[in-house]
Amino acid sequence: MTTLPARAERRCHNAVNPLHSCIFFSPDLGAEMGRIGIEDPSAAYFATRAAAFGPVGAGAVTATFHNFNPELVARHVPAVWETASPDTVLGARLRAADTTLRRLLGEEAVASDAMAEAARLALRATEACTPHARPLYAAHADLPVPEEPHLAFWHAATLLREHRGDAHLATLLAADLDPLESLVSHTATGKGMAIRWILSSRGWRRADWEAACERLRERGLLEAGEQPVLTEAGTALRAEIEEATDRMDVAPYAHLGADGVERLTELARGFLRTATAAGAFPASATGRG
């Protein structure tokens, strides 16, 4: 296995992943989902990410998405498939990715040699992804690779994101953090989502949040106080979780090699700067909000 510089895989993921996730903050996704009859934002999100599974029920979505209140999931799944089939949703999702990337990056970047190179590198990295115990990755890996380079890049970014995400859930289970404890402890690092965004988008109540905080305090992972602040032990645990995720996710980047990872990171960062300047990521989705 190729030796990579320290945390090179994490740096590459941090550059590539937003170019996958930007469609979830895009008005283009809402418009495409509205055209197929799915107008509720939560229903659209569940359908968009779960469509690769086929018409699954609430249990599969709750398990694989991890940090959503099961009551919120059950409110929309499996009913959403009565409005639009998974194949219809996948088509709408790809159209939204196309429109979003063209709008955020511009036609010149979409058609550039740099985009074609990024797609080749990202797809090469996915050759070393493995489906074992990675359900969201495995489901998306069964989908065809789009022909256009910017959509092939988006597809590869999706595979890399879900591959790492599935591994990350395994590390959270090993750390004995339940879904809401995972969110609280991540927010307490200063890098997670804003509390109000979590409560509104994940379907939890303030009482649920406070109960999770209290459980973490009892374990010595969270300081006393209104705002979640990690103790030394909590900080160490979150660091261990990230390091373990890196170890479980290193294979695609090791397969790409140090030079390939550096180049893909460079290309993705360039695209990311352009997308960020175009307003791709609302502050409410991050700890800044």
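I began with helix α9 (residues 113-126) and helix α11 (residues 149-174), which pack at an angle of about 30 degrees with their axes 8 Å apart. The model is predicted: local features need pLDDT of at least 70, side-chain atom pairs count only at pLDDT 80 or more, and totals for chains, interfaces and linings use all residues. Residues are numbered from 1 along each chain as its sequence is written, and side-chain values use heavy atoms, with hydrogens and water left out.

I noted the conventions for helices: they are DSSP runs (H or I, at least four residues), numbered from the N terminus. Axes are lines fitted to C-alpha atoms over the stretch in contact, and angles run from 0 to 180 degrees between N-to-C directions.

**α9 with α11**

I classed α9 and α11 as roughly parallel to each other (angles under 35 degrees count as such). Their crossing is left-handed (the near helix is turned anticlockwise from the far one by less than a right angle). I then listed the contact (heavy atoms within 4.5 Å): α9 contributes M115, A116, A118, A119, A122, L123, A125 and T126, and α11 contributes P149, H150, A152, F153, H155, A156, L159 and L160. By class, these residues are 13 nonpolar, three polar and no charged (Ala, Val, Leu, Ile, Met, Phe, Trp, Tyr, Cys and Pro count as nonpolar, Asp, Glu, Lys and Arg as charged, the others, Gly among them, as polar).

**α7 with α11**

I next looked up helix α7 (residues 86-105), which packs against α11 at about 115 degrees, with the axes 10 Å apart. This makes α7 roughly perpendicular to α11 (65 to 115 degrees). The crossing is right-handed (clockwise). R93, L94, A97, D98, L101 and R102 of α7 meet H150, L151 and W154 of α11. I recorded five nonpolar, one polar and three charged residues in this contact.

Neighbours within four places in sequence aside, F46 touches V61, F65, F68, L72, V73, H76 and V77.

**E82**

I located E82 in helix α6 (residues 80-83). At 73% relative accessibility, E82 counts as exposed (over 50%). The C-alpha atoms of E82 and V145 lie 27 Å apart in space, and the two residues are 63 apart in sequence.

Conventions: Helix = DSSP H or I, 4+ residues; strand = E, 2+ residues; numbered from the N terminus. Parallel < 35°, antiparallel > 145°, perpendicular 65-115°, else oblique. Buried < 20%, exposed > 50% of the residue type's maximum accessible area, 1.4 Å probe, protein only.
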